[in-house]
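This briefing is meant to be read beside the sequence and the 3D view that follow. Please keep both open while going through the points below.

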Amino acid sequence: METMLLTKSKVFIIGPIATLLGFIINAIYISLHGVCGIENISICIILFTIIVNIAMLPLTIKQQKSSKMMNVMNPELQAIQKKYKGKTDQASQMKMMEEQRAVQAKYGVSMSGSCVTMLIQMPILFAMYQVIWKIPAYVSSVYKIYGDLAGKLLTTTGAQEFLTEFASTARVDFTKTGFTENTIVDVLYNLRPENWTALAEKFTNLDVMATYEQTKQINNFLGINIADAPMSIIRSGSVLAIIVAIAIPVLAGLTQWLNTKLMPTSQSDDKNGDNTVASSMKTMNTVMPLMSVFFCFTFSTGIGIYWVASSAVRCVIQVIVNKQMDKMDIDEMVKKNMEKYNEKRAKQGLRPEQISVQAKQNLKNIKTDQNVSEETRQQQREKRIKSIQESTAYYNNTAKPGSLAAKARMVQQYNEKNAKGGNSSKKK
């Protein structure tokens with residue numbers, strides 16, 4: 001196990017998390033082999049992705065709650081920004097920030113809190129990527145398959161010079177990391193089929209192809225080797241392999257796009273349409289899935305499977321979370337947040353605050369925004385027409401004989417009489 005530690009990620013924070021996640025994927029591999037007799041990395045990657053994403057569910061729910069409350073408090077924040085628009089002096093800026101912090105505290109939403117949630121999730125996601133990228137470093141059984149051949153190559157003349165040609169693909173620099181069994185394993189795991197053939201022809205005494213056949217079995221996914229990049233499979237694979245190799249990057253892009261569509265968006269009340277953040281997010285949500293497709297064609301297929309599985313799992317989780325969020329009582333959430341806020345104020349010797357009129361209006365708008373629309377507008381039109389009719393009737397009844405109002409009434413009656421006469425003629 002000590003030899004394996006050298007090939008693991010040593011990046012600050014990400015390295016230790018990757019090691020912890022490595023225990024999970026190694027346990028999955030051992031369990032599948034022991035219970036079902038299955039030795040397959042792609043199945044491990046899918047199960048591993050599901051388990052880790054479910055484990056992060058509390059963080060996801062917390063983030064969604066913050067997003068929900070952001071929708072409620074955004075109008076107040078925008079009102080504050082409008083209030084101080086054009087005021088660039090330090091005193092005004094400080095006052096604006098103070099008022100914004102008060103609004104955030106009232107709703108129980110902390111901008112730093114949202115950042116903390118993301119900061120917790122990001123290292124986990126990067127660590128998951130490291131584990132998938134270097135499977136042999138974290139799955140002991142897989143390491144052993146490559147390790148046996150690596151140990152022989154370590155003592156074989158000319159092996160370092162030959163493998164240096166392929167080391168860059170595995171992001172290995174022998175001059176910095178040294179030519180060790182661990183670094184050789186990293187290179188072997190990223191060799192393409194033609195590279196294995198060249199290695200076997202170069203070192204005929206090492207029975208290289210026996211190791212390659214073992215790796216093909218554990219790396220097999222629908223007839224392709226997940227250690228190979230889709231572009232490599234497209235150039236030299238069978239028709240079925242090419243279809244699978246193309247499908248994985250496309251699915252990675254589609255599932256990521258679907259995931260962005262399921263994410264709740266902030267409903268801005270900015271009537272001027274000046275929403276740079278929303279515009280940037282929209283652009284990013286379009287570009288990122290396309291980038292995923294591109295990267296999946298160049299990275300190993302195992303990375304693509306991880307991205308597809310991860311996005312698909314997040315889609316399912318997002319649907320469940322969205323349904324739970326819809327059932328939540330916003331009034332109750334704000335009330336609880338206000339109680340917590342006032343408790344903090346009491347400890348500071350400050351008087352408690354009430355939910356502002358603007359806050360109540362925000363809650364009312366969120367609850368009725370989707371139901372008001374046409375029905376409310378129709379009621380307003382009917383009320384307006386009735387008001388006009390009542391005013392006209394009052395005006396006509398109180399008009400004095402010979403006055404302008406009386407003459408106007410006579411013209412109206414004459415027009416109504418002609419209109420009735422015209423209708424009668426049409427009926428005849």
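**Aromatic pairs, helix packing and cores**

At 17% relative accessibility, Phe299 counts as buried, where buried means under 20% relative accessible area, exposed over 50% and partly exposed in between, with a 1.4 Å probe and protein chains only. The model is predicted, and local features need pLDDT of at least 70, side-chain atom pairs count only at pLDDT 80 or more, while totals for chains, interfaces and linings use all residues. Residues are numbered from 1 along each chain as its sequence is written, and side-chain values use heavy atoms, with hydrogens and water left out.

**Overall make-up**

- Of the 428 residues in the protein chain, 37% are buried.
- Counting contacts (heavy atoms within 4.5 Å) between residues at least 6 apart in sequence, 73% join residues at least 24 apart.

**Aromatic pairs**

- A search of the whole structure finds ten aromatic pairs; rings of Phe, Tyr and Trp (its six-membered ring) pair if their centres lie within 6.5 Å, and planes under 30 degrees apart count as stacked, over 60 as edge-to-face and the rest as tilted.
- Trp133 and Phe299 form an edge-to-face pair, with 5.8 Å from centre to centre and 85 degrees between the planes.
- Trp133 lies in helix H6 (residues 111-133) and Phe299 in the loop between helix H16 (276-298) and helix H17 (301-327), so the pair ties together parts that are 166 residues apart in sequence.
- Trp133 is buried, at a relative accessible area of 10%, and one aromatic cluster is formed by Tyr129, Trp133, Phe294, Phe295, Phe299 and Trp307.
- Phe162 and Phe166 also form an edge-to-face pair, with 5.4 Å between centres and 65 degrees between planes; being four residues apart in helix H9 (residues 159-167), these two are separated by about one helical turn.
- Phe162 is buried at 16% relative accessible area, and Phe166 is buried at 12%.

**Nonpolar cores**

- The largest nonpolar core holds 68 residues, of which Leu153, Leu188 and Leu199 touch the most other members; such a core is a set of buried Ala, Val, Leu, Ile, Met, Phe, Trp, Tyr and Cys residues joined through side-chain atoms within 4.5 Å.
- Leaving aside residues up to four places away in sequence, Leu199 touches Leu153, Phe162, Leu163, Leu188, Leu191 and Val208.

**Packing of H5 with H18**

- The axes of helix H5 (residues 90-107) and helix H18 (residues 330-347) come within 6 Å and cross at roughly 115 degrees; axes are lines fitted to C-alpha atoms, for helices over the stretch in contact, and angles run from 0 to 180 degrees between N-to-C directions.
- Ala102, Ala105, Lys106 and Tyr107 in H5 meet Val334, Asn337, Met338 and Tyr341 in H18.

**Around Glu165 and Arg192**

- Glu165 is found in helix H9 and is exposed, with a relative accessible area of 58%.
- Arg192 is found in the loop between helix H11 (181-189) and helix H12 (193-202), and is partly exposed at 29% relative accessible area.
- Not counting residues up to four places away in sequence, Arg192 touches Asp228, Ser232 and Arg235.
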